[in-house]
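Thanks, everyone. I have one structure to show today. Let me put it on the screen.

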Amino acid sequence: MIIKPPSIPPQVLLLESILRRIATSHPKRQTLEETHGKRYWGFRGEQSLQYYLDFLLPRQPRIFYALRLPCNNHRFQIDLLVIFPQVAFLIEVKHWAGMLKIEPGSHVIQLLEDKKNVYSCPLDQANHQAFQLRQWLKTNGFSLPIDSLVVLSNQKVSIENPRDLPSKITRPPKLLNYLQTSLKKYENLSQIKLEQNQLRDLSIRLMDDHQDEIAPPLDYYGLSKYDIADGVVCPSCGSLPMIRLNRQWHCNSCRMACKEAHVQALKDYVLLFGRYATNKQIRDFLLIDRYLAKRLMQKMNCQSTGIKKGVKYDLMSL
Ligand SMILES: [Zn+2]
């Protein structure tokens, strides 16, 4: 069963909000688009592995995507954790494109669009995460073997030296075979077999200790609020700002009209500037007057604190 399903990382959502509102000629736009692409396709790569894991569902594994657990005063992230009574599979997912030359235990050279990138060995990374997970299990009173591996999730990636590839660096179609073979080995050899109630307790502990990734603030990307355009974005053509007329938002570019376009704009506000906003901040961002800002907030049942000009709305529930 999937205990923690894949979800779009907050950093991807933040980058989408920025890209909706930053000038097409902005000097940072291309870098932001590339960062967004890498993170978004990384997430889609993880998500795509579920197709293969579905074949194991009759064996009732506990599946967790993107767990972030504490270890030694910091957090480490596990892309995919699949737990059976005898073993936990820790899977590091890399959605690399282009041509790869993999030197296990050393590094990976990627050739992509005439550029050469060098990365550290992903299996070393997975093994280090396994070390941290082992510590976490011990601290929390559990004992379970961990099998760490790497999946290259991009179906289009080419490997220059496929024969040198260890079985623990695999491609999606071979993932199921790896898991089934390994699982059989652990079932035969392992002294450990967690009972159903222990698996349930472990799942609860993992979810209790998990903390969602927090998207970085705007200045992480070298941006300030002056780089971000105000206004409601047209859901059809992406232009902004839409104009409010007769209880509807109207787009001057494509003539589309709709009632709820401000909801996405307020979601952008939360990602860009935080969950609380005063009436003035809302009307400056949506480019509307104070009465409409108040009416929209009341209609959306947003919780508020403070009185008169100090009223702050909590936009998190949108
Ligand atoms: Zn439009």
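Predicted model: local features only at pLDDT ≥ 70, side-chain atom pairs only at ≥ 80, totals over all residues.

Start with the overall layout. How many residues make the contact? Five come from domain 1 and five from domain 2. Look at the domain 1 side of that contact. By class, it has two nonpolar, one polar and two charged residues.

Next, the annotation. UniProt lists residues 41–156 as "domain: NERD", in an unreviewed entry. In the model, that stretch is 26% helix and 44% strand.

Glutamate 113 is not a glycine, yet its phi is positive, about 45 degrees. Where is it? Glutamate 113 lies in the loop between strand 6 (107–112) and strand 7 (115–120). Why point it out? Because most residues other than glycine have a negative phi.

Leucine 240 and proline 241 are joined in cis, with omega about 0 degrees. Most peptide bonds are trans. Proline 241 belongs to the loop between helix 6 (196–209) and strand 11.

Three strands form an open sheet in the order 11-12-13, and the pairing is antiparallel. Which strands stand at the edges? Strand 11 (243–245) and strand 13 (257–258). Each has a single partner strand, so one side of each has no neighbour in the sheet. Now take strand 12, residues 248–250. Two bridges link strand 12 to strand 13. Across that pairing, histidine 250 faces alanine 257 of strand 13.

Last, the helix pair. Helix 8 spans residues 279–286, and helix 9 spans residues 290–299. Their axes come within 9 Å and cross at roughly 105 degrees. Angles of 65 to 115 degrees count as roughly perpendicular, and helix 8 and helix 9 are therefore roughly perpendicular to each other. Which residues make the contact? From helix 8, Asn279, Ile282, Arg283 and Leu286. From helix 9, Arg290, Ala293, Lys294 and Met297. By class, the contact has four nonpolar, one polar and three charged residues.

That is the tour. Over to you for comments.

Definitions and conventions
Residues numbered from 1 in each chain as written. Contact = placed C-beta atoms within 7 Å. Nonpolar A, V, L, I, M, F, W, Y, C, P; charged D, E, K, R; others polar. Pairing = 2+ DSSP bridges. Helix = DSSP H or I, 4+ residues; strand = E, 2+ residues; numbered from the N terminus. Axes fitted to C-alpha atoms, helices over the stretch in contact; angles between N-to-C directions. Parallel < 35°, antiparallel > 145°, perpendicular 65-115°, else oblique. UniProt positions renumbered as here; feature names shortened; annotations may be inferred.
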